[in-house]
Amino acid sequence: MSEKLLGGLTPTRFLAEYWQKQPLLIRGAVTDFPELMDLPRLTELAQRDDVESRLIECRNGRWHLEHGPFEVRRFKRLPDSDWTLLVQNVNQLVPHIADLLYRFDFLPFYRLDDLMISYAPPGGSVGPHYDSYDVFLLQVGGRKRWQISSDDAGNFVEDAPIRVLKDFNPEQEWVLEHGDMLYLPPKYAHHGVALDPGMTYSIGFRAPKAQEIAGKFLDFLQDELALDGMYADPGRTPCTEPGRIDAGFVRQIGDMLRRIDWNDDTVARFVGQYFTEPKAHVFFEGADEPLEFDAFAAAVAAHGVALDLKTQLLYDDARLYINGEELDAAPPAHATLRQLADRRALPPGEYDDDVLEALYTCYDYGYLHPVQV
């Protein structure tokens with residue numbers, strides 16, 4: 001990773017001094033865009049039913065929110081100012097956007113969420129708000145004025161369809177131009193207003209709530225539990241209050257529940273599956289005319305292999321996890337597959353059968369593809 005991305009700071013210094021601690025403005029963070037998104041391409045994505053998109057307008061002091069997919073005629077009715085189009089997970093749809101997201105590899109991939117792109121003409125904004133996660137805001141084209149505040153205690157506007165702070169008292173202000181980037185820790189209030197037509201690339205980081213993790217873990221445990229026995233009460237005596245739930249019955253059920261147990265290995269397998277699970281709108285499809293195994297091996301040898309843009313591959317000391325599942329791979333293949341997880345691609349070369357079998361299984365599900373030349 002180029003230190004230019006962090007304004008000349010090393011990742012170590014950035015994490016020690018700024019990450020989840022204080023904002024950082026980085027002038028000229030990205031200047032080597034291989035290509036630029038434009039509004040027609042963004043609106044094309046917003047018309048797809050497998051893409052999460054929103055349109056936010058502020059008219060006469062009131063906020064309005066619409067969810068995609070949108071009809072093309074909707075964009076033709078938009079005014080010249082005061083609206084914002086937001087498209088989520090563009091990194092799963094556009095290769096050069098994915099490449100930009102993975103420049104942030106000084107943080108583990110399980111923390112990366114997505115790269116959202118928002119377009120706004122002059123006056124476009126989503127109002128003063130704060131996020132519950134870390135975010136890098138990269139300006140691409142045009143200029144945007146950002147105001148920020150460490151005070152996140154303000155009330156939200158009642159009855160607004162989006163979370164907009166009623167009381168916002170900015171402490172700092174900058175105008176970001178093309179290639180400038182602003183890092184904000186969680187719950188740092190911010191308000192961006194477009195001065196010229198342009199886009200903001202928002203690199204967001206995953207920070208699930210403890211309640212969500214607990215709920216998902218309990219769901220995971222349902223498939224893990226194998227408790228023996230069943231409820232029985234051979235020593236039962238006659239009751240005089242048949243409607244009462246007696247304390248002894250409660251204790252007996254409590255004893256059964258206390259047999260639910262897990263260990264670090266259980267948690268590790270849950271973490272691997274949970275943090276690779278695709279979002280609800282994501283689906284994978286194999287090739288229309290899949291290669292036979294030998295042809296696939298030849299393609300990998302000649303051109304290499306790359307993960308699908310939607311795929312998440314992670315690993316721990318014992319296992320590999322891909323798209324919400326444990327990857328069944330022979331132990332000798334793990335080292336190479338870990339390289340695939342770290343780099344999201346493997347170079348051309350001859351790989352042993354254990355590796356090729358695991359790769360071919362993933363290819364069959366649409367999780368990866370031979371590199372196209």
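1. Which residue in β17 is the bridge partner of Leu307? The partner is Leu368, and the two strands concerned, β12 (residues 305-307) and β17, pair in the antiparallel sense over three bridges. Two strands are taken to pair if DSSP finds at least two bridges between them, while helices (H or I, at least four residues) and strands (E, at least two) are DSSP runs numbered from the N terminus.

2. On the basis of these notes: this is a predicted model, in which local features need pLDDT of at least 70 and side-chain atom pairs count only at pLDDT 80 or more, whereas totals for chains, interfaces and linings use all residues. Residues are numbered from 1 along each chain as its sequence is written, and side-chain values use heavy atoms, with hydrogens and water left out.

3. The pairing in point 1 belongs to an open, antiparallel sheet of three strands in the order β16-β12-β17, whose edge strands, β16 (345-346) and β17 (368-370), each pair on one side only. Helix α10 (residues 353-365) lies across β12, β16 and β17 and runs at about 110 degrees to β17; axes here are lines fitted to C-alpha atoms, for helices over the stretch in contact, and angles run from 0 to 180 degrees between N-to-C directions.

4. A second open sheet has eight strands, with antiparallel pairing, in the order β1-β9-β6-β11-β5-β4-β2-β3. Its edge strands are β1 and β3 (62-67), each of which pairs on one side only, and neighbouring strands are turned by 20 degrees against each other on average, direction ignored. Within this sheet, eight bridges join the antiparallel strands β5 and β11, and Met116 stands opposite Ser202 in β11. Helix α2 packs on the sheet, where α2 touches β2 (53-59), β4 (83-87), β5 and β11, and the direction of α2 makes about 65 degrees with that of β4.

5. For the chain as a whole, there are 10 helices and 17 strands, and the C-alpha trace spans about 80 × 65 × 45 Å along its principal axes. Of the 373 residues, 43% count as buried, where buried means under 20% relative accessible area, exposed means over 50%, and partly exposed lies in between (1.4 Å probe, protein chains only). Among contacts with a separation of 6 or more, 78% come from residues 24 or more positions apart, contact meaning heavy atoms within 4.5 Å.

6. Ser149 deserves a look in the viewer. Ser149 lies in strand β7 (residues 144-149) and counts as buried because its relative accessibility is 1%. The side chain of Ser149 reaches the backbone oxygen of Asn169 at 3.1 Å. Leaving aside neighbours within four places in sequence, the residues in contact with Ser149 are Phe168, Asn169, Pro170, Glu171, Tyr188 and Ala189.

7. The count of salt bridges comes to 19, each being a side-chain nitrogen of Lys or Arg within 4 Å of a carboxyl oxygen of Asp or Glu. One of them joins Arg103 to Asp32, with the closest N and O atoms 3.0 Å apart. Arg103 lies in the loop between α4 (95-101) and β5 (112-120), and Asp32 in the loop between β1 (24-26) and α2 (39-46), so this pair ties together parts that are 71 residues apart in sequence. Arg103 is partly exposed at 27% relative accessibility, and Asp32 is likewise partly exposed, with a relative accessible area of 46%.

8. How far apart are the closest N and O atoms of Asp134 and Arg111? They are 3.4 Å apart, and the two residues form a salt bridge. The pair links distant parts of the chain, with Asp134 in the loop between β5 and β6 (135-140) and Arg111 in the loop between α4 and β5, 23 residues apart. Asp134 counts as buried at 1% relative accessibility, and Arg111 is buried with a relative accessible area of 17%.

9. Two further cases complete the list. The side chains of Arg143 and Asp196 meet in a salt bridge at 2.6 Å, N to O; Arg143 lies in the loop between β6 and β7 and Asp196 in the loop between β10 (189-194) and β11 (198-205), so the pair ties together parts 53 residues apart in sequence. Arg143 is partly exposed at 32% relative accessibility, as is Asp196 at 24%. Finally, Glu224, Asp265, Arg269, Arg319 and Glu326 are linked in a network of salt bridges.

Technical notes
A polar contact is a pair of N or O atoms within 3.5 Å; within protein, one must be able to donate a hydrogen and the other to accept it, and residues adjacent in sequence count only if both atoms are side-chain atoms.
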